[in-house]
Amino acid sequence: NVRLLDRLSSRRAVVGTLYLTATHVIFVENGSETRKETWVLHSQISSIEKQATTATGCPLLIRCKNFQVIQLVIPQERDCHDVYISLIRLARPVKYEELYCFSFNPKLDKKEREQGWKLVDLNEEYNRMGVPNNYWQISDVNRDYGVCDSYPTEVYVPKSATAHIIVGSSKFRSRRRFPALSYYCKSNNASICRSSQPLSGFSARCLEDEQMLQAIRKANPGSDFIYVVDTRPKLNAMANRAAGKGYENEDNYSNIKFQFIGIENIHVMRNSLQKMLEVCELKSPSMSDFLWGLENSGWLKHIKAIMDAGIFIAKAVAEEGVSVLVHCSDGWDRTAQVCSVASLLLDPYYRTMKGFMVLIEKDWVSFGHKFNHRYGNLDGDPKEISPVIDQFIECVWQLMEQFPCAFEFNERFLIHIQHHIYSCQFGNFLCNSQKERRELKIKERTYSLWAHLWKNRADYLNPLYRPDHSQSQGTLHPQIAPCNFLYKFWSGMYNRFEKGLHPRQSVTDYLMAVKEETQQLEEELEVLQERLANLQKSQSGNNKVKSKQQDQSKQFGLYTSNNSLANTPQEYSNDLKSFPSRSPSQGDEDSALILTQDNLKSSDPDLSANSDQESGVEDLSCRSPSGGGCLPSEDSGKDSDEAVFLAG
Amino acid sequence: MEFAELIKTPRADNVVLHRPFHLAVEGTLCLTGHHLIFSSRRQDNAEELWLLHSHIDSIDKRFVGSLGTIVIKCKDLRIIQLDIPGMEECLNIASSIEALSTLDSVTLMYPFFYRPMFEVLEDGWSSFLLEQEFELLSSVTNEWRLSCVNKEFSVCPSYPPVVIVPKCVDDDALRKVALFRHGGRFPVLSYYHKKNGMAMLRSSQPLTGTNGRRCKEDEKLVNATLRSGRRGFVIDTRPLHVAQQARAKGGGFEQEVHYPQWRRIHKYIERFNILQESFIKLVEACNDQSHNMDRWLSKLEASNWLTHIKELLTAACLAAQCIDREGASVLVHGSEGTDSTLQVTSLAQIILDPRCRTIRGFEALIVREWLQAGHPFQQRCAQSAYSNSKQKWEAPVFLLFLDCVWQIHRQFACSFEFNEQFLIMLFEHAYASQFGTFLGNSENERAKLKLPQKTMSLWSWVNRPEEMSKFQNPLYEANSLVIWPSVAPQSLQLWEGVFLRWNRPSKFLEEAEKERIHIIKYNKELQAKVNALRRRLAELEAQEEEEAQE
């Protein structure tokens, strides 16, 4: 008899049963025929809060990393405490082996699993970019992670950079993360390289590091300098000098132009997100509360800073033809954000579904972005946690809003990737580096998210994408000023589970359904034409066409269900609640009046259709998140092992 | 008066036109009585810009040496800049534009001179008559009647000659009620909810004054709309204290003692001068080219525009909720009943009535709830967000309404027959137009100006098939349900289509819209083809069967 409260409206609560399993928290509604279920993966839980016991029971607040907030009321204080203690333990595994991906089994055979891991191949990607070539080569200097344990074994470096130079440079860089190739622009030889900060202190120099940067410049014969972009605020970089770290001195390096781009550090970002989520959680905030809170959180400012850095680099590479070396402190957070935003702007390939997977694999996974620490997969230092890749994903969404036809994938694709970065259901984002993943034998023991997304790619297509559109080609040039490029609050992500806040009719889903139907029509047209030809030719045989006609009527049925959306009024006024809808003086007539009202309500189509609107359920079914059934329903059995909630 | 007297320099050459996101163009500038015309005759892309003088909100001039620069700020929020060589020419042109764009007399406005180049298929002046509306109503209920009590505009100068009132109230009673309501705006039917027979009335505030005057006829009129034993809601668009203060000036509100079956709910919808300030601040923020995110958000917040949107939508939803969910009749009023009242009643109808979400239905709504209902368009829309002069009648009341419609449209993208462009077009024409539709402040004034005889109606133009096609929403599928929008701050957005229209590159968004249209069109074509083939096939097969049977 646990009650699940609706955050938006305290009036709505459902009673059900709470189950804890090894991997999930499951809430099943009592009573109603649907027995609706809410599933939450333990790894998604970011915090659990036990609140003061009230007359009705003991409230438990569960906040999830995918921005779901679940409020439960458990009748017995003791039960609540037990659940609380268990969840605290379950939500903070200490060993990788406890994570869901090691028990998750999508019923694929070994070969399929291996195929899945081969979907994204970075060697292929570098070849696509055009390396190795006359200027760039693959280096095996890090083959046993001997030089840098957070780098991949295979890195691309300028041809003129010898092993001696690389090793020398690595010793002069934080955590030995030496400059390596992130993106190469075939058309003009300009490149984006990445590294960590130099250990320059106040005056230290390193000949090999200087030679390394020189080599990068030489690899782009069209330009006589390179940009060195330090993505930190200048003050932070200067403070690092006192610790023997710092930034490049333009006097020591020949032909560099040095540039600070003030992106704040992970701690600032963590607090900023925290503040923004508090705003999202406000109960019926006023417009000023919301806008003021949003501004005060600084979140959109940070998103803009990252985007501006990406725009700067993309411009340097595409328009000036100048190579860029990007670093921050360790070169695995801000550097990853900025390099991947720049790549996305520069190369239309990364705006395709496959290309986007490759991009994350290249700039984040392979270059040692510390997924485990940042997203708290294992119990660890809370100060290491920060929404670094979330910010990158939001940058992509903001770009999608500005360039609606430029991306092959849709918003749902981004949201599901974000979800799985935290879910630990697939092995892709485990650990902090390639080295650790190899040691854990991730590829043999877990499945790849990319294969899973690829299999369901029909659900992630942007219906407006056309490869021949101008936005789908070449470099994207976003505007910079906020009045030209409106950075918006992404309610689809941060209020993802408050379905009532989202547009009730999704243009994307609608267009996807139309396109789906179009495709069927195309096929049918072909069949019909063939039949007609046959019929006219032979003028014999008596086949019937009825089956096809039935198909068609089914399609139309789906349309209407797409349109008749769950919808009820919100609490528009507090006055109304307290108002007795019948007059107290009317005595006898009362009951009759109640009846008429009840009749009215139960016969009301939009009221009865309303049921799934505000339960805040997990809809990761990758099938039809709108609940409208407008998407092709494939074999429903296949996906059910996932953390899905099936509304039926 | 001859316009020629105002035009000191009718033409200037070598003028350079600057617009955001366009390359500067050199060309010739001409002034006529009603237009500013810029034409460039370059061989590669000749282009012309025609701008109505009445479209100009403000004009600034400055000089660098003998090169003058005129910055023209338009009522649709566009800003253009003209570089004019020669100080005298520039000064002359600037002062001419200033004079021509601020003509006092309505009859000098362009609609009186405009000669349409298109064939009129249907006279828009008679497209939406209240009589037609009443006919529809009579088919479902006989509780209402048309009253011609205001035939000479003598009972209420801001009402149309005919209104719909409860059948049981006669014209004499109406005259008495009119005396009890501000400006004579007695309660009339605004909307009848067929689903449950509930009515939405609108009026102005009752003139109770400090000593609690009452009017038996008024009470009888509003009670006539209630089902026996049921209550109604009065939605007062002012907060309680403002309503109370109004009593000192002879105004007031319905007191429980005299209206025991009605429950009053006070909402806070801002009045026009506050809205105008908010509008000006918002447009300032939207034109700020600085790159700073914080300043943008705090300016957006400080403008309060989105707060007004939220309050207004909430009030409209509440009215709709009372009618549809509580099964109660509703009376809406503020003070005069010509601004916030109309915003609420018209938005509530969009939520409740699927017909108002069609193009014709929406036009009818604007005619009924805004033009005939006496929203003083000419006063409110005389100036837009750039005007420096502090006249106190201007206010973006209608724009705020359109913005709310856009917000609902965004949330229910498939439920409206019209698209965003349709709303933007209405915004433009309300502020400056070649058509007479939005001239005057009431039907009374329009009749005196003989607008239907002397000017062309906007609807005559819009409802032509070739124009209409530009305003159709490709995603539209009739939705017969009540649509309840979310009014949470997360669900409300700045209307970029109006406020950032000239500051953002539109190319990509236009491409997206084209693609949407293409997807739907292609689908429909295929459907038609498949259906035709199916029929053909069925015929052939039937033939064959017959042959086989023979």
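## Ground for the helix assignments

Helices, here runs of H or I of at least four residues, and strands, runs of E of at least two, are DSSP runs numbered from the N terminus. The structure is a predicted model.

## Chain A overall

Chain A holds 24 helices and 14 strands. Of its 648 residues, 57% count as buried. The accessible surface of chain A comes to about 26,300 Å², and carbon and sulfur atoms account for 49% of that area. Among contacts in chain A between residues at least 6 apart in sequence, 71% join residues at least 24 apart.

An unreviewed UniProt entry places the feature "domain: Myotubularin phosphatase" at residues 116–494 of chain A. This span is 45% helix and 8% strand, and its end C-alpha atoms lie 30 Å apart.

## The annotated binding site in chain A

The feature "binding site", also from an unreviewed UniProt entry, is placed at Asn265(A), Ile266(A), Cys328(A), Ser329(A), Asp330(A), Gly331(A), Trp332(A), Asp333(A) and Arg334(A). These positions are spread over 70 residues of sequence but cluster in space, with a largest C-alpha distance of 12.3 Å.

Ser329(A) is found in the loop between strand S14 (324–327) and helix H10 (334–346) of chain A. Its relative accessibility is 16%, so Ser329(A) counts as buried. Leaving aside residues up to four places away in sequence, Ser329(A) touches Ser174(A), Ser196(A), Gln197(A), Arg232(A), Asn240(A) and Arg334(A).

## Asp333(A) and its surroundings

Asp333(A) lies in the loop between S14 and H10 of chain A. With a relative accessibility of 7%, Asp333(A) counts as buried. Residues up to four places away in sequence again set aside, the contacts of Asp333(A) are Ile266(A), Cys328(A), Trp364(A), His369(A), Arg374(A) and Val388(A). Asp333(A) also belongs to a network of salt bridges that links it with Lys370(A), Arg374(A) and Glu384(A).

Val388(A), one of these contacts, falls within the residue range of helix H13 (residues 388–402) of chain A. At 1.5 Å a residue, the 15 residues of this helix should span 21 Å, and the end C-alpha atoms are 22 Å apart, which agrees. Because 14 of its 15 residues are buried, H13(A) is largely enclosed by the rest of the structure.

## Salt bridges

The structure holds 56 salt bridges over all chains. One of them, in chain A, pairs Arg445(A) with Glu97(A), with the closest N and O atoms 3.7 Å apart. Arg445(A) lies in helix H16 (residues 442–445) and Glu97(A) in the loop between helix H1 (77–90) and helix H2 (110–118) of chain A, so the pair ties together parts that are 348 residues apart in sequence. Both ends are partly exposed: Arg445(A) has a relative accessibility of 34%, and Glu97(A) has 39%.

In chain B, Asp172(B) forms a salt bridge with Arg175(B), and the closest N and O atoms are 2.8 Å apart. The two residues are three apart in helix H4 (residues 171–180) of chain B, so about one helical turn separates them. An α-helix has 3.6 residues a turn, so residues three or four places apart point the same way. Arg175(B) is partly exposed, with a relative accessible area of 39%. Glu467(B) and Lys470(B) form another salt bridge, their closest N and O atoms being 2.9 Å apart. Here Glu467(B) is buried, at a relative accessible area of 11%, whereas Lys470(B) is partly exposed, at 49% relative accessibility.

## Helix H7 of chain B

Helix H7 (residues 272–286) of chain B has 15 residues and reaches 21 Å from its first C-alpha to its last, close to the 21 Å expected at 1.5 Å a residue. Its buried residues are Phe272(B), Leu275(B), Gln276(B), Ser278(B), Phe279(B), Leu282(B), Val283(B), Ala285(B) and Cys286(B). The cover over the buried residues of H7(B) includes helix H8 (293–303), helix H9 (305–324), helix H12 (377–380), helix H13 (397–411), helix H14 (420–431) and helix H19 (496–499) of chain B.

## A nonpolar patch on chain B

Phe63(B), Met87(B) and Leu91(B) make a nonpolar surface patch of about 240 Å². Met87(B) lies in helix H2 (residues 87–100) of chain B. Met87(B) is partly exposed, with a relative accessible area of 41%.

Technical notes:
Residues numbered from 1 in each chain as written. Chains lettered and ligands numbered in written order. Predicted model: local features only at pLDDT ≥ 70, side-chain atom pairs only at ≥ 80, totals over all residues. Heavy atoms only, no water. Patch = residues over 30% accessible without salt bridge, like charges linked within 9 Å, V, L, I, M, F, W, Y side chains within 5 Å. Areas by Shrake-Rupley, 256 points an atom, 1.4 Å probe, with all protein chains shown as cover. Salt bridge = Lys/Arg side-chain N within 4 Å of Asp/Glu carboxyl O. Buried < 20%, exposed > 50% of the residue type's maximum accessible area, 1.4 Å probe, protein only. UniProt positions renumbered as here; feature names shortened; annotations may be inferred. Contact = heavy atoms within 4.5 Å. Expected span 1.5 Å × (residues − 1).
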